[in-house]
Amino acid sequence: MAGAAADLKERVPVLRTLVPELPRASRPLTVAAAACILVGAILPVGFAIASGVAVGAVPGAVAGGLASDQGRRLITAVVAVSLLFAVSQALHPIQDFVINAIQRRMRARTYRRSLAATLRPATIAHLESPALLDKVAAATIISPAGPGAAVRALLHLTRTRIAAVATLLLVARFRWWLALLLAATEIGFGWTWARIYNRLVAFRVLHLPGLRRAVYLRGLAMKPDAAKETRTFGLADWVVDRFRAAWLGAMAEVWQSRRGNFLKVSAVTAPVVAAQVLAYWLVGRAAISGEIGLGAAVTYAQAVMASAQLCFAGGDLTLDEGAAITRATAELEHTVSTDPRLQLPGAAPASGLPRHEVRFEDVSFRYDGNDAPVLDHLDLVVPAGQSLAVVGDNGAGKTTLVKLLARLYDPVSGRIRVDDVPLTDIDPVDWQGRVAAVFQDFVRYPWTLRDNITLGRPGADPAKAARRAGVLDLVEAHGWDAILSREFDGGVELSGGEWQRIVLARALYAAEARAGGILILDEPTAHLDARAEAGFYDSFFDVTAGCTTIVISHRFSTVRRAQRIVVLDGGRVAESGTHDDLLAAGGRYARMFQLQASRFVSDG
């Protein structure tokens, strides 16, 4: 009983989460579905009564003819059975239409909520923290047993429960204690199934990290980007073995929990069978003894048979899994609204900022779960309207600096000021609208050429950005509406250099559409050779003259034209100045520049 009570407590939040979502998905469809369920649940009871009356009237109708009272009773019962059968047949397609419609609405609403919750925080902490990523995965997983399927299962179980209870009321007219016996054994069977389903769903939720790892490994075998390496390095067997290990590791406990299910189900099946046999025997004996008529015996026998549906009304794996996704969505919404790690304060407008400068004052930052700081008491001034290059070794904190500037995170200590206004006082979404950033792992969207530049944002001329970035030849060759991916019919594939120009056009368009602000390039050309990268940045500095631009690079020679260069080392600014000043100083920048230059010459 303690286990059943625990399962009940666990299921109540699921139903409280799922049921209120039905009218929110569609109130008219919810009312229509409720009507279909109620009618569908009552029909078996009416059919059992009408058929029993018909069978009971047959002997009298045979003896007295159809004109007799029993004959007319038989005709009325047959008409009732026919009408009930017709209604039942007509109800099925209507019910399927209504349930399918609300199922689609529910599925779309839940996925829309989960995506909105994932995108709502201005920070990206929930997408880089394993614990928070598990919450995102639980809410956004695409499963056949999703919210839509859960709605169908819930409506089916509701109809089943109503019909079973109604038929048990018929049995109670025969023997009240027999109805209680049937209900007890059938509910016990149903609760056992419900506990099994709850355990399976709970195990899957507990093993989300392993399942996420398995899904990632499956993607390595299916995504084009990884397909090249899996073949050229002969990784097929290795990926399959890793996928198998991750999947089996995540599912082993689930399968282990299933091993005792056969005995549990067998233990609760025997009482159900015994109660059913007893019920049929009592009805048969009562009919033979003349206690009840033939028609009543048929009605009670059908009621006993229909009451067995209560066995399968205790739980449903589809309902539990789909409802768990709905509950996870609600929990994700709650997390992104209340978790302090995801709350970035500020309400001041960002319009026109920065006018003078952005200043980092004694800024330190470490990622969640890491002890070592990435930025350590950093001081830096970014003048408005000038170009700044940030260079340094891998791990020096360059990308983290950009994330803080774009306010994807707030510093752990210290502060960032924009024209003497603390960045934490500025609305984070409004500020991010002033920052156009292209990162090293920029996205190659399988969209049109136009959409890859504008990203759906109006307010500027894409042709102007394309011309400044040298993309007009691509427009002339393929057209603005060309899909930039061969994964779709009629799509075209671009070279790495062509994508670099698309990315530059994207950044220039964003800067113009946002009327200034800050333009950031975070090593989007890292995979190009030194000459190609130098040509890219030469073009970039030409077309962005007068803009507030920040260029992140680990190649010192490509950023010499920036008006100011800072060298990050150990999370701090180690050197700052122009290219010529830093060379003359003979410090870290000069040594790294000469080292990279010598490599470039030897490679040439």
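Strand E4 (residues 413-418) and E5 run antiparallel and are joined by two bridges; strands are DSSP runs of E, at least two residues long, and helices are runs of H or I of at least four, both numbered from the N terminus. The model is predicted, with local features needing pLDDT of at least 70 and side-chain atom pairs pLDDT 80 or more, while totals for chains, interfaces and linings use all residues. Residues are numbered from 1 along each chain as its sequence is written, and side-chain values use heavy atoms, without hydrogens and water.

Within E5, Val421 is the bridge partner of Val418. These strands belong to an open sheet of four, ordered E2-E1-E4-E5 with antiparallel pairing, where pairing requires at least two DSSP bridges. Strand E2 (375-383) and strand E5 (421-422) form the edges, each pairing on one side only. Helix H14 (residues 398-405) packs on the sheet and touches strand E1 (357-365), E2 and E4, contact meaning heavy atoms within 4.5 Å.

The lining of the second largest pocket takes two or more residues from each of several elements, including H14, helix H15 (428-432) and helix H4 (69-119). By class, this lining has 21 nonpolar, seven polar and eight charged residues; Asp, Glu, Lys and Arg count as charged, Ala, Val, Leu, Ile, Met, Phe, Trp, Tyr, Cys and Pro as nonpolar, and the others, Gly among them, as polar.

Helix H4 also contains Ser114. Ser114 has a relative accessible area of 2% and is therefore buried (under 20%, with a 1.4 Å probe and protein chains only; exposed is over 50%, partly exposed in between). Beyond neighbours within four places in sequence, Ser114 contacts Ala139, Thr140, Thr329 and Leu332.

Notes
Axes are lines fitted to C-alpha atoms, for helices over the stretch in contact, and angles run from 0 to 180 degrees between N-to-C directions.
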